[in-house]
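Have a look at the chains first, then read on.

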Amino acid sequence: MNLELITLPFIVGWMAASVRLATPILLAALGETFTERGGVLNLGLEGIMLMGALSGFVGAYATGNLWAGVLAAMITGILMGLLMGFFSVTAKVNQVVAGLGITILGSGLSTLLFRLFFGLRTIPPTIDMFPELPVPLLSRIPILGEVLFKQNILVYLTFILVAVAQVVLFRSRFGLALRSVGERPDAADTRGIDVARMRYIGLFIGGALAAVGGAYLPLANLGIFWTQMTAGRGFIAIAIVIFSRWNPLRGLWGALFFGATLALQLSLQTLRLPVPSELLLMLPYIVTIIALVIVSRRAEFPGAFATPYTRSGE
Amino acid sequence: MTATSQEVSTRPQINWKAIWRNVYQAGLSVLAALLIGALLLLLNGRNPVDAFASLWAGAFGSVDRFAETLVKATPLLMIAISVSISFRCQIWNIGAEGQIILGAIVSTWVALTFKNLPLVLLLPLTFLGGLLGGMSWSLIAGLLKAYAQANEVITTSMLNYIAIYLLAYVVHGPMMDPQGFNFPQSPLIADALILPRLIPGTRLNISFLVALIMVALTVVFWRTTLGLRTEIVGHSHRVAKQIGLKVALMIALVTGMSGALAGIAGWGEIFGLHYRLIEEIARGIGSLGIVVALLGELHPLGMLVSAFFFAALVTGGNAMERNAGVPFALVDVIQGCVILLILARSYFFRKAAK
């Protein structure tokens, strides 16, 4: 074991990787925060992220434009969010089972479409990724500049989005309406708020952001697509939403924490620790369970969490 | 949810009308899912008739193919029963994949470690190992749900990934076959432990009968006090508490039982089919087992039919990929569509009735 490899550049590299790896999970978690604040649990996140990864990759591959990939992912995510809306809001079926269905559908459909578009190849198709975009001046700050301001554009946009989400959710009429629909749909209804419409909007936002989070993997992190490439990130994002108690800003810290465990596992592998890599790969999943256990007891779920709303007398 | 909101009563009246309605609606859902699959192929410029003909031949074309369909149905049936027990208690255990893996690891380990024990003792021990392996894995999620309110969908899905890496670790490390040229697999189990074949020349073996026995036992289980209590807890925690049930304990117990059954599926795959631990032991069958359970309305006999249907789809899907060049993932898409259509149908039929 080479402990002398743990130097400042090693730690800075690890922290920068944490930010990079946190971003896709953060995007999905931000979106799910809106969905759940509206009172809907979307367990289809994993499937939506996979479909986002696929459509992002295909969009970028076909047009040669990465933003077209982002747009394609967003549209796919919105459609899948609305599909979840049909089940949870309109048909009022069990949201856990509907979410599972969406996840299984998304994972199968992304695999199938990839095979239909690209066939079986020995060398996987690749795309150019969003390049590193150092922020002038800020990127020259020692350590912090390296960690925060030498990232790709999607990372910056996601961090800005955290602030926007925080304001929209807690300082706007829309945010108030969304939260009231998630807490007391009956009260919101009597005040003339369209419960179903607000919940659809929550799922719309959630689907769009989760899909872009999925698309981040091929577009900004790996440059290729492979089946099941999200590897549970959708479920981890849901854990982060609970962990952050439905607050975007706390979600940022949660996502960074998970990004750090994902990156730690990669960094530790370079250290050639006498620990098998398979055991290091378990780390983020174990951490998710532990974190969930610590927070779940005192988590205050939205009042009407995962409960369909039917006006009394209907 | 329609599938779990059956009336709680000790002596269910057989309601033929309701059964017919369920069968008819499930059949329509499946048909619609197959049509969606065909449409996807058409859009891609492939001939869906060829694809489905190849699928049909692959599943039922010969005694051999038919036996292979039953081979595939075996773990699906076991997993579906495992899933149905927790789902009927409103515990959303999606960790079958991890529980199968643990059942496979522990039962193989028992077979390889205690190989000097007499067969009459060793074979039941391996079975017990599979059962306990699966149970221990689901109990983690069960206890965390019961006593720390940790959402079981997340814990069980995380435990799936942990189990996948654990399996990769043991077949690359401590359990790797020393004479296996570094292939990621364990040594073979002793010949005497291999489950006897039911039809010579095919892979159909005793574990299929074990699955059928499980179905029968589950039919009985739902009529026992414990089965009834399971459904009451699923119905309402409040009611369960009012009649004096220990809800947390029940949750842990039900989750444990559910995992034990999935562990047995892992045992069956090792001792009936692969004879050694390999990385692909549970690939894909975990989520498919959930779909089988839901299509079967969480009812043992319903699941018997739907396990058979999906097994045919899987066996046929493999043949379809080989012979017609249509990706197997089509079967995965059909799975997702089946769940969603099953869910949607109560909505559509309610609309139609108005």
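A quick definition before the numbers: pLDDT is the predictor's confidence in each residue, from 0 to 100. That matters here, as this is a predicted model.

**Confidence**

Among the elements of chain B, helix α4(B), residues 96–113, has the highest mean pLDDT, 97, while α13(B) has the lowest, 81. Across chain B the average is 89, and 95% of the residues score at least 70. Where pLDDT is low, the predicted coordinates should not be read in detail. For the model, the scores are ipTM 0.87 and pTM 0.89.

**The two chains**

What kinds of elements does chain A have? Chain A has 12 helices and zero strands. Chain B also goes without strands, with 13 helices and zero strands. Here are the chains laid out one per row.

| Chain | Residues | Buried residues | C-alpha span along principal axes |
|---|---|---|---|
| Chain A | 314 residues | 52% | about 70 × 45 × 40 Å |
| Chain B | 354 residues | 53% | about 70 × 60 × 35 Å |

How do these chains stand against the globule rule? For 314 residues the rule gives 20 Å, and the radius of gyration of chain A is 20 Å, so chain A is as compact as a globular protein of that length. Chain B agrees with the rule too: a compact globule of 354 residues would have a radius of gyration near 20 Å, and chain B has 21 Å.

The contacts within each chain tell you about sequence separation. In chain A, take the contacts between residues at least 6 apart in sequence: 78% of them join residues at least 24 apart. In chain B, residues 24 or more positions apart account for 78% of the contacts with a separation of 6 or more.

**Where the chains meet**

**A helix in chain A**

Now pick out helix α2 of chain A, residues 45–63. Its 19 residues should span 27 Å at 1.5 Å a residue, and the end C-alpha atoms are 26 Å apart, which agrees. Is α2(A) largely enclosed or open to the outside? Of its 19 residues, 16 are buried, so α2(A) is largely enclosed by the rest of the structure.

Gln149(B) is one of them, with a phi of about 55°. Gln149(B) has 17 other C-beta atoms within 10 Å, so it counts as partly exposed.

Glu297(B) has a positive phi too, near 60°, and is likewise not a glycine. Its place is the loop between α11 and α12 (300–324) of chain B. Is Glu297(B) buried or exposed? It counts as buried, because it has 22 C-beta neighbours inside 10 Å, and the cut-off for buried is 20 or more.

**One last stop: Ala306(A)**

Ala306(A) is found in the segment after α12 (277–296) of chain A. With 17 other C-beta atoms within 10 Å, Ala306(A) is partly exposed. Leaving out residues up to four places away in sequence, Ala306(A) touches Val40(A), Leu41(A) and Gln95(A). Arg250(A) is 56 residues from Ala306(A) along the chain, and their C-alpha atoms are separated by 22 Å.

Note on methods
Residues numbered from 1 in each chain as written. Chains lettered and ligands numbered in written order. Predicted model: local features only at pLDDT ≥ 70, side-chain atom pairs only at ≥ 80, totals over all residues. Helix = DSSP H or I, 4+ residues; strand = E, 2+ residues; numbered from the N terminus. Expected span 1.5 Å × (residues − 1). Buried ≥ 20, exposed ≤ 12 C-beta atoms within 10 Å, placed from the backbone. Rg over C-alpha atoms; globule rule 2.2 N^0.38 Å. Contact = placed C-beta atoms within 7 Å.
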